[in-house]
2 protein chains.
Amino acid sequence: MDFALTILGVSGAAPAHGRFPTAQVLQVQNHCFLIDCGEGTQMQMSKFTIPRNKVNQIFISHLHGDHIFGLPGLLFSYALNNRVTPIDIYSPAGLKEMILAQLNPGTQLSFQLRFHVFDCKSSQEIFENNDLTVSTIPLNHRIPTCGFLFQEKPFQKNMDPEKIAKYDLSIPQIIAAKEGHDIIAGKQVIPNYELTLPAYRPRSFAFISDTAYHEDIIPVIKNVDLLYHETTFCEDAMENAVTTKHSTAKQAAQIAKSANVCTLITGHYSSRYKELDCFEKEARAIFPNTKLGLEGQVYTVERRRVGE
Amino acid sequence: MDFALTILGVSGAAPAHGRFPTAQVLQVQNHCFLIDCGEGTQMQMSKFTIPRNKVNQIFISHLHGDHIFGLPGLLFSYALNNRVTPIDIYSPAGLKEMILAQLNPGTQLSFQLRFHVFDCKSSQEIFENNDLTVSTIPLNHRIPTCGFLFQEKPFQKNMDPEKIAKYDLSIPQIIAAKEGHDIIAGKQVIPNYELTLPAYRPRSFAFISDTAYHEDIIPVIKNVDLLYHETTFCEDAMENAVTTKHSTAKQAAQIAKSANVCTLITGHYSSRYKELDCFEKEARAIFPNTKLGLEGQVYTVERRRVGE
C-alpha cells in the first residue's frame, strides 16, 4: 500500500444516513496527507486505523464548514497527545483566523501550527518532498475553492542485478547507468537498455472538491491514475447542481472521460439520496471504470514499470 | 418517555475507542434540551433518532473543545435545512465570538441565534418554560464551568373523575379543588383529599460536567432523580484527576451518596480506558444504583404521584 487513498467521509454539506462530511487521506510511502477535514474526521481516522501521527500536512480545498469543522478537534487531540512535530495547513485565506478563534481559550498547542495560504486564480505548486509534489487546481464553486493534484516525482531507472554481476560493474558505473548512460566495460560498450530495468511510472491522484462542471481542469488532470471528483447530485437534481455550483455524477464522468483518467471515484453525496445507486449507474454509463466512493474504502495504485 | 435522558457522547477530551465527546439530550414532554455539543453531536443525534428540530435551547457547560466543537456543524446543518425557529444558547462568556468566527464566511443562518451568557460564581436560574426551570451549578474545573439542574415545576393536583360525577361539580369548583381547596356542595363540605388524587411529583436531572471533587454541589443536587456526574478516571489515575481537575468514579459516587440522589450515571471516560469495568465497579462499591453512561442509552424517570 505505498500509494493508497482512504475515504473518510462521503457526505455532502449536511451529514446524513450515517455518512460523514468530506475528508480523505492519501498515503504515499511513509507519509499521510490529509485532504479536507469535515466534522468527525478524527473519529473516522481512528475507525479506519489511519496512523494519524504520520499526517504532517493538511490540504483544505475551501472554507465551507463541511470541509473544515473537524480541524479544531483534530488539532486539540494532537495537543492532548503532546505532539511535537509541526503541522502545515494549506488553504485559501481566512482559515487561520477561524481556527485560532476556536483554539484560543485555555488551549496551548504542544506543536507548531503553520498556515500556508494559496489563491485559487491559477494552478500553483504548493508542496514538495522527496517523493511528490502537490499543486492546486482552481475550481468553480461559490467561494474560492481549489482541488489538488498529487504527483509522484520521476523515478530513476533500476539496475538489473544480474547484469551488475555479469559485467562486474563498479559503483560509479552503476550510478551512470541508473542515470541513463551507456557503460564502457573493457573495450565493450554496453547499451543502457541492456543494464537497466525500466523505471517505475510516477503515479498521480487528483482531488476535485466542490465544483460546478468545469472543463478548465481537464488539461491539468489529464491521465491521472485516480480522480476523485465530487458528485453531489444525480441527473434528477440537475437544477440544484447549477444553483449550488456542484456537479452531477454524469458531469464528473464526462470530465473523467475527457481527461482520460484511469479510475474515477465519486463522493460528496447530497442528503437527499439515501441510496447511492444512481451515482454509480449514471457515471458508469459514461465512464465505466467508476468506483463508488464509500467511507473506509481504500483505493490503491500499484507500482508498475514504464511499459508494463 | 416524557422525562428521558439520551447520552450521545461519553468520551473524555480525546475521542477514543469509538466513543464521541460529551453531548446529552434531555427530553421533557415535547421539548428537547441539548446539553454540551462535542464534535459529531449532529451525527449522534441522527444515529440515535433525536428529533433535532425539537431542540430550541442548547446549554454549554464550558468552552473546552470537547464540549463545543460540534456546535458549528449542527448550526450549519440547521441553516441548510432552512430552520426558522430561533436557537438559544446558554454558556459562559466567549462562545459567541468562537461560533461567529466559524460561521462568517459565506454562511447565512436562516434562523435567529441568541447567545445568553452566565457566570459561574453562583447558581442562577437561566431558563424557564411551562414545564421546568434550568439553573446553573458552579463547578471546579480549569476554566469557568457550570453544571445544570433541570427541575420540573410543581404539578397541580388531579381530580378524581368519579368524584366530579358523584358531587356534580361545576368548573369553578373543579378549579378550586385542583388548587387544594375544600368544596361546599349543597350543605356538605367535601374535604379536598376526598376529591383529588395526589399531584405528580416533579422530576429532576443534574448534569455535572467537568469538575474536580466538589462538595459544594451537594445541597444543590440533593435528592435529584438522575445525576450525571463526570467520571474521567478510575482510582488508578487519582493523580491525573487532581492535576486536570476531573473526578474519579469513586468521587462521583461519593457525591451521589451524600446528595441522596436516586440514580448516578457515569461518563467522560479518559482515552486511557478501553474497557469501562473499573468505573462501574468503583462507583457501585459506594453507590449501588450507578448506571454506566453509554452512547445511545436512554435513562427515563417515570411519572409518579406524591406518596407512590
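Visitor: Why is helix 9 of chain A largely enclosed by the rest of the structure?

Guide: Keep in mind that this is a predicted model, where local features need pLDDT of at least 70, side-chain atom pairs count only at pLDDT 80 or more, and totals for chains, interfaces and linings use all residues. Residues are numbered from 1 along each chain as its sequence is written, while chains are lettered from A and ligands numbered from 1 in the order in which they are written. Buried means that 20 or more other C-beta atoms, placed from the backbone, lie within 10 Å of a residue's own. Helix 9 (residues 249–258) is largely enclosed because, of its ten residues, the number buried is seven.

Visitor: Which helices and strands do the buried residues of helix 9 of chain A pack against?

Guide: Helices (H or I, at least four residues) and strands (E, at least two) are DSSP runs, numbered from the N terminus. The buried set includes Ala249(A), Lys250(A) and Ile255(A). Counting a contact when C-beta atoms, placed from the backbone, lie within 7 Å, their partners in chain A are helix 7 (218–221), strand 15 (226–229), strand 16 (263–265), helix 10 (277–286) and strand 17 (290–291).

Visitor: Which helix of chain A gives the most to the side that touches chain B?

Guide: The contact takes 32 residues from chain A and 32 residues from chain B. On the chain A side, helix 1 (41–47), helix 2 (71–80) and helix 3 (95–103) each supply at least two residues. With five residues, the one giving the most is helix 2.

Conventions. Buried ≥ 20, exposed ≤ 12 C-beta atoms within 10 Å, placed from the backbone. Contact = placed C-beta atoms within 7 Å.
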